[in-house]
Amino acid sequence: MREKNIEAKHINALIDEEISRYWNIESRSANSIQIYRALSVVIRDMLLKKHNQFKNFVNKNEQKQVYYICMEFLVGKSLRNNLYNLKIENETEIALKKYNIKLEDLYVIEKDPGLGNGGLGRLASCFMDSLATQGYPATGFSIKYEFGLFKQKIIDGWQTELPDDWLTTSDVWLVAKTEERVVVKFDGKIREEWTTSGLVIHHDYPTEIEAVPYDMFISGYDGDGVSLLRLWESKSLNSIDMNLFSQGDYIRALSEDSMAEAISKVLYPADNHYEGKILRLKQQYFLVSASAQTIVKKHYKKYKTLDNLSDKAAIHINDTHPALIIPELMRILMDDYGYSWEKAWYIVVNTVSYTNHTVLSEALETFDIDIVKTKLPRIFMIISEINRRFLQEAGSKYNDFNKAEQMSVFGYDKINMANLCIIGSHTVNGVAKLHSEILRRTVFKKFYEYSPYKFMNVTNGITHRRWLNQSNPRLKNLLDDLIGADYTKHPSKLSELKKYIDDDVVLHKLDEIKYENKKLLAEFIYNTYQISVNTDSIFDIQAKRLHEYKRQLLNALRIISLIIDINEGNTTHIKPETFIFAAKAAPGYYRAKEIIQMIVALSDYINKNPNIKKYINVVFVENYSVSLAEIIMPAGELSEQISLAGKEASGTGNMKFMLNGAVTIGTYDGANVEIINQVGEENFFLFGLRDYEVESLWKTGYSSIHYYQKSLKLRKIIDFLNKGIPSKSFESISKYLLGDSQVGDPYMCFADFDSYLDAHNKASSVYFDDKRKWNQMSLVNIASAGIFSSDRTIKEYADSIWNIKSI
Ligand code: H2P
């Protein structure tokens with residue numbers, strides 16, 4: 001179903017009207033930016049209208065809806081996605097002829113809103129698409145960071161961070177709803193008083209900040225659903241101190257203003273240590289308070305009670321970042337609506353659910369007790385009471401208060417947000433089977449023993465409509481021809497491709513498509529970096545956040561080993577291979593930045609050495625983003641998913657690559673495990689330790705030196721690093737690997753090195769000696785990817801966690 005009755009001439013009329021209204025000119029003389037803005041406004045308003053109809057229907061039927069709260073939403077560009085989902089790309093392309101411009105020219109104008117670090121934020125955005133497409137009523141809440149995550153530029157080999165001013169073009173997708181702003185309060189003192197009507201809490205709030213909503217609409221594909229993403233902007237309420245201003249002290253008069261507005265300035269990079277981060281705490285409370293107030297107000301207005309909140313609203317907290325919504329809802333219910341603790345608690349727990357996305361201790365957020373106490377005194381009081389009651393209950397149940405204490409929200413001087421989330425939610429889920437099992441077995445063991453019924457798994461997914469249909473049009477066309485376009489809404493139908501497993505024509509076509517996509521990526525690389533890559537080589541890609549556990553370093557060590565072999569003339573086993581990396585490192589994460597520096601140095605070295613470049617090449621693509629991923633994924637042949645087993649919660653890049661026909665080289669980790677289940681071990685290059693082997697190796701004492709001494713290759717690699725690439729020494733990395741003051745090689749690259757090389761050898765012998773088999777492997781991967789569509793993921797959340805129905 002195409003968007004009803006939209007023809008090119010309607011689109012023209014609407015664009016013309018916008019152009020004349022905004023710029024008071026004839027559309028024929030408008031430039032491409034004006035046309036981009038006008039068209040985007042036209043589409044945005046179409047979605048707004050459609051969303052209103054959808055909302056009215058949901059309201060009329062008193063349907064339950066989900067509120068997805070997340071500090072990150074990596075939405076990617078909107079124009080193409082919306083035109084595609086509304087099925088009016090062709091009509092728009094025709095309409096644009098009038099202005100002598102192509103859609104592609106408009107797509108490049110739009111800037112990627114970088115409102116996320118990586119998988120977490122992109123997952124949230126895929127969910128908005130799948131919710132809308134399947135007709136589930138949904139609102140996402142986040143912050144309108146003025147500068148999303150930084151723009152990455154490599155200067156002299158080192159990652160440099162620049163501000164990312166995405167709003168200069170993408171602001172057009174936002175609709176300000178100033179009239180729906182709310183006030184968020186910080187600081188102050190609390191005074192309790194017993195009166196005849198019970199305990200009364202007096203509270204003064206010296207700091208009041210306004211949260212102004214900006215709405216973005218995310219279309220569903222071929223249906224009536226439209227998701228709403230509401231982004232909050234912080235504004236100072238007392239934006240100017242008139243006293244100071246009139247005394248001529250302009251700067252001080254404005255300083256409160258800029259402090260308040262700092263809340264929605266930038267997105268915190270992942271992997272920064274959060275302790276003591278007052279701004280981060282303020283951002284989190286700002287998001288949840290504004291969102292909770294809105295949800296409650298809307299509900300109360302409609303139902304005149306909050307007793308049935310959990311019947312009509314499912315509030316999902318994505319990772320611990322929005323954990324404060326639990327005490328905030330308690331505050332609103334008790335202080336603003338007069339609920340008793342017991343009744344309020346019942347409502348809150350039955351409304352809230354929580355997803356955990358990591359087992360890494362540094363990412364399991366904690367906040368200093370003192371900071372929370374000063375900044376959010378009432379919230380602190382409520383958290384303390386939640387904890388007191390919980391420990392009381394658990395202590396009595398166990399008849400052991402010390403045992404209960406192990407689940408406390410409070411550490412020595414910290415508040416443990418994950419514990420708060422588990423206590424205050426009705427369901428807790430991990431994001432892949434293995435991850436959920438590890439949560440139950442290790443990180444959340446005590447809680448699992450206490451309330452096993454709360455824990456479940458929902459394996460992540462990606463929207464194949466963006467990651468295949470839109471970003472890989474050649475593959476989409478082939479699939480449409482072979483199996484029909486039904487898979488677009490019913491991704492499990494991708495499996496029908498399997499019947500072509502022995503069809504040489506189809507296998508050849510898949511090969512051609514991959515080659516064309518590789519050419520596009522090669523062109524991009526050449527145009528951007530003047531590096532030419534061999535399109536007949538295997539494209540081996542690792543694209544994800546840079547983190548030690550994801551082991552870009554392991555990949556780089558293999559590259560060094562190949563360079564050493566080539567330099568020694570030992571080339572019989574070496575096949576043409578292009579290594580492509582794309583990754584941002586958190587600005588304060590020195591080791592990650594050093595690994596980028598090393599990869600860039602390898603790239604420079606190879607590009608100056610024709611003898612090495614004959615065989616292999618390395619490219620580091622800067623500023624990884626959703627849009628870049630859309631060029632990279634379709635071109636991937638070997639997908640590097642090589643985290644240390646037990647560390648990657650799920651991964652979603654692994655799903656995007658397989659959907660586009662790449663074969664994975666990977667460890668038994670995260671969703672890789674489920675990919676193997678789908679494709680079979682024969683269509684996956686598996687290597688490395690299993691998670692339980694990693695655990696037991698830690699327990700018995702991991703010694704990288706042991707592997708180093710046994711392996712001539714590793715010894716040569718360390719010599720190479722110490723000598724320098726070509727003159728810059730990477731001795732600090734060799735020290736890191738061998739152990740200096742700490743345990744060497746904490747993510748066990750050495751332990752997995754030999755098996756990693758074996759897996760690569762297997763991959764290259766299939767690719768270069770039996771291309772037909774490789775193409776079959778690729779086909780099986782595409783055909784098995786349906787289960788990793790976020791449509792399936794969302795259906796599981798809807799049925800088993802949120803209990804919401806699609807319209
Ligand atoms: C994280 C996890 C991934 C997971 C993703 C979404 C935090 O993303 O590490 O394993 O797939 O959430 O659940 P990332 O590392 O890409 O930032």
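Two residues are taken to be in contact if their C-beta atoms, placed from the backbone, lie within 7 Å. The structure described here is a predicted model, in which local features need pLDDT of at least 70 and side-chain atom pairs count only at pLDDT 80 or more, while totals for chains, interfaces and linings use all residues. Residues are numbered from 1 along each chain as its sequence is written.

On this basis M216 touches W173, L174, L229 and L231, residues up to four places away in sequence not being counted. M216 lies in strand 9 (residues 207–219), where strands (E, at least two residues) and helices (H or I, at least four) are DSSP runs numbered from the N terminus. A residue is called buried if 20 or more other C-beta atoms lie within 10 Å of its own, exposed if 12 or fewer, and partly exposed in between, the C-beta atoms being placed from the backbone. M216 is buried because 23 other C-beta atoms lie within 10 Å. The C-alpha atoms of M216 and S227, which are 11 residues apart along the chain, are separated by 8.4 Å.

The domain assignment, whose bounds come from an automatic or database source, divides the protein chain into domain 1 (1–61 + 79–110), domain 2 (62–77 + 112–460 + 795–802) and domain 3 (525–781). Between the C-alpha centres of domain 1 and domain 2 the distance is 34 Å, and 23 residues of domain 1 are in contact with 21 residues of domain 2. On the side of domain 1 that touches domain 2, helix 2 (32–60) and helix 3 (79–86) each supply at least two residues, and helix 2 gives the most, with 11 residues. The residues on this side of domain 1 comprise 10 nonpolar, seven polar and six charged, where Ala, Val, Leu, Ile, Met, Phe, Trp, Tyr, Cys and Pro count as nonpolar, Asp, Glu, Lys and Arg as charged, and the others, Gly among them, as polar.

A nonpolar core is defined as a set of buried Ala, Val, Leu, Ile, Met, Phe, Trp, Tyr and Cys residues joined through C-beta atoms within 7 Å. The largest such core has 236 residues, and those with the most contacts inside it are I69, I325 and I599. The largest share of this core, 10 residues, comes from helix 2. With neighbours within four places in sequence left aside, I325 is in contact with I69, V288, S291, A292, I315, I317 and V352. I325 is also one of the buried residues of helix 12, which include P327, E328 and R331. Helix 12 (residues 325–336) is mostly covered, since nine of its 12 residues are buried, and it is followed by G338, whose phi is positive, near 70 degrees.

The ligand is surrounded by 18 residues, of which the closest are G118, G119, H357, A649 and S650, a residue being counted as near a molecule if its C-beta atom, placed from the backbone, lies within 6 Å of it. This shell divides into five nonpolar, 10 polar and three charged residues, and it draws at least three residues from each of domain 2 and domain 3. In the UniProt record, an unreviewed entry, the feature "modified residue: N6-(pyridoxal phosphate)lysine" is placed at K656; UniProt positions are given in the numbering used here, feature names are shortened, and annotations may be inferred rather than shown by experiment. K656 is in helix 27 (residues 653–659) and counts as buried because it has 29 C-beta neighbours inside 10 Å. Beyond its neighbours within four places in sequence, K656 is in contact with I462, W467 and M633.

In helix 18 (residues 433–443), L434, H435, S436, I438 and L439 are buried. The buried residues of helix 18 pack against strand 15 (427–430), strand 16 (455–457), helix 28 (672–679) and helix 29 (691–700).

Several loops carry particular backbone features. K304, in the loop between helix 10 (278–303) and helix 11 (309–312), has a positive phi of about 60 degrees although it is not a glycine, and K304 is exposed because 8 other C-beta atoms lie within 10 Å. Q530, found in the loop between helix 22 (504–529) and strand 17 (538–543), has a positive phi of about 55 degrees and is likewise not a glycine. A cis peptide bond joins I725 and P726, with omega about -25 degrees, and P726 is found in the loop between helix 31 (712–723) and helix 32 (731–738).
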